[in-house]
Amino acid sequence: MSQVKTLAIVGAGPVGLAAAAHALERGLTPIVLERGPEAGHAIRQWAHVRMFSTWSLNIDAAAARLLRETGWTPPNPLDHPTGGDLLAHYVATLAAVPALRAALRTSARVRSIGRRGLDKVKDAGRSARPFELVVEGPAGAYRVTADAVIDASGTWFQPNPAGSDGRAAPGEAENAERIAYAMPEIAGAARDAYAGKTVAVLGGGHSAIGTLIELDGIAGRIVWLYRGADLEKAFGGGGADKLAARGALGTTIAGLVRRGRIAAETEFRLAAIERAGGRLRLRAEDGRAIEADRLIAATGFRPDLDMLREVRLDLDPALECPRALGPLIDPNLHSCGTVRPHGAKELAQPEAGFYLAGMKAYGRAPTFLLATGYEQVRSIVAALAGDAEAAAKVELVLPETGVCAGPKPKIRLPAATGAASGGCCPARAPEPTSASADTR
């Protein structure tokens, strides 16, 4: 790895640009390939969303050092940016720094990655061969050669389908015009699509909760389709959450459910989507049916692995993340937001010099924070530059959610005072006057 000189980085989001900033500091030559027409293309799809993490957790150290050389003034570290703020005050500004602008290629969609002249099966001399990336650009396909690759392309454009088995539900494709995914804009240009309508939201994470909160006061009726049995798990840690805005999301949604502003259907596992006149009939596995004008499937994301078919990977069979990382982030096991520090060692693949980073490194796990991605790429670039000591010294403390790990007794919806009735988690904080939403 000490011979690495050129580093191809797939994705010009915050993590990809941070990787490029670290590469420049280490004397490497980054080549940043962004599928969209501008840096931060995925963020532009959720520019309306307010993040529950503050600026202090959303700016990479190497990127900040590079920006300060241009006279950049950092935002207030205690403020909560929207996606649009993140773009305007950080990502776009960072991409415009001359050294990074020279490295950035936009409208450059990576279609495949492999070793030049070798398919996946060939062993002889493999690690000595450079990587070759097939890129689709405005003028057609071309190839980029690099000594190492960091895939930080994220998962935003790969939302999970609505079916309870991880596949598209019958009727999902046929009714696509009435279905939105992830966190669509509710209050902006698309307001008429939701105003006064019956809107069903499928999912149990922060994306679903943020969307439900945004719909309040706009939709005529809101139905929350929750796959689990206990809504308390979705409500989170409230006042015990070390990210106050994240805790406030749970407190707010609990209050809306308690007051009947949102109708919750628990253990609702979507089996089919049917057309009922001009509406959707959402049928559960147990036979229940909910009729709605619109469905928002906020069921998470999954990595696009098609372009990695010729790269030797070792992935967790369930999460599709690096195998060593799987036990650290498995949502079946972790619920307190504490992830052991990890870097190049845990993210390394059998293909020497190739790494997954950022949200894509988390595969199907939903608990990623930008601070995690920044520490990942700092460690990876140190390893590629031959600084094993710096690569191994991974220091990352993530803010806990305040949600108790493991099985816990049933907890009723919070009483009007906001106190939890039993269970193992602290009482919830009062409802906030405004809500924040999560991001990738």
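Leaving aside neighbours within four places in sequence, T54 is in contact with P77, L78, D79, H80 and P81. The model that shows this is predicted. Its chain has 440 residues, and buried residues make up 53% of them.

- T54 lies in the loop that runs between β2 (29–33) and α2 (61–68).
- The relative accessibility of T54 is 13%, and the cut-off for buried is under 20%, so T54 counts as buried.
- One of the residues in contact with T54 is P77, and the side chain of T54 reaches the backbone oxygen of P77 at 3.4 Å.

**The chain as a whole**
- The secondary structure comes to twelve helices and 16 strands.
- Among contacts between residues at least 6 apart in sequence, 68% join residues at least 24 apart.
- The chain exposes about 18400 Å², and carbon and sulfur atoms supply 51% of that area.

**The five-stranded sheet**
- Five strands form an open sheet with parallel pairing, in the order β8-β15-β9-β10-β11.
- The edges of this sheet are β8 (179–181) and β11 (263–265). Each has a single partner strand, so one side of each is left without a neighbour in the sheet.
- From one strand to the next, the twist averages 20 degrees.
- The bridge partner of A200 in β10 is V223.

- In β9, five of the five residues are buried, which leaves the strand mostly covered.
- In a regular strand the side chains alternate between the two faces of the sheet.
- Both faces of β9 are covered. T198, A200 and L202 are buried on one side, and V199 and V201 are buried on the other.
- Helix α6 (residues 206–215) lies across β9 (198–202), β10 (221–225) and β15. The helix runs at about 165 degrees to β9.

**Helix α8**
- Helix α8 covers residues 244–258, which makes 15 residues.
- At 1.5 Å a residue, α8 should span 21 Å.
- Of the 15 residues of α8, 13 are buried, so the helix is largely enclosed by the rest of the structure.
- Just after α8, G260 takes a positive phi of about 80 degrees.

**G358 and its surroundings**
- G358 has its place in the loop between β16 (354–356) and α11 (370–384).
- With a relative accessibility of 1%, G358 counts as buried, because the cut-off is under 20%.
- Not counting residues up to four places away in sequence, G358 touches V15, F368, G373 and Q376.
- G358 and P14 are 344 residues apart in sequence. In space, the distance between them is 8.9 Å, C-alpha to C-alpha.

Key: Residues are numbered from 1 along each chain as its sequence is written. This is a predicted model: local features need pLDDT of at least 70, side-chain atom pairs count only at pLDDT 80 or more; totals for chains, interfaces and linings use all residues. Side-chain values use heavy atoms; hydrogens and water are left out. Helices (H or I, at least four residues) and strands (E, at least two) are DSSP runs, numbered from the N terminus. Buried means under 20% relative accessible area, exposed over 50%, partly exposed in between (1.4 Å probe, protein chains only). Contact means heavy atoms within 4.5 Å. Accessible areas come from the Shrake-Rupley method with a 1.4 Å probe; for residues, only the protein chains shown count as cover. The expected span of a helix is 1.5 Å times one less than its number of residues. Two strands pair if DSSP finds at least two bridges between them. Axes are lines fitted to C-alpha atoms, for helices over the stretch in contact, and angles run from 0 to 180 degrees between N-to-C directions. A polar contact is a pair of N or O atoms within 3.5 Å; within protein, one must be able to donate a hydrogen and the other to accept it, and residues adjacent in sequence count only if both atoms are side-chain atoms.
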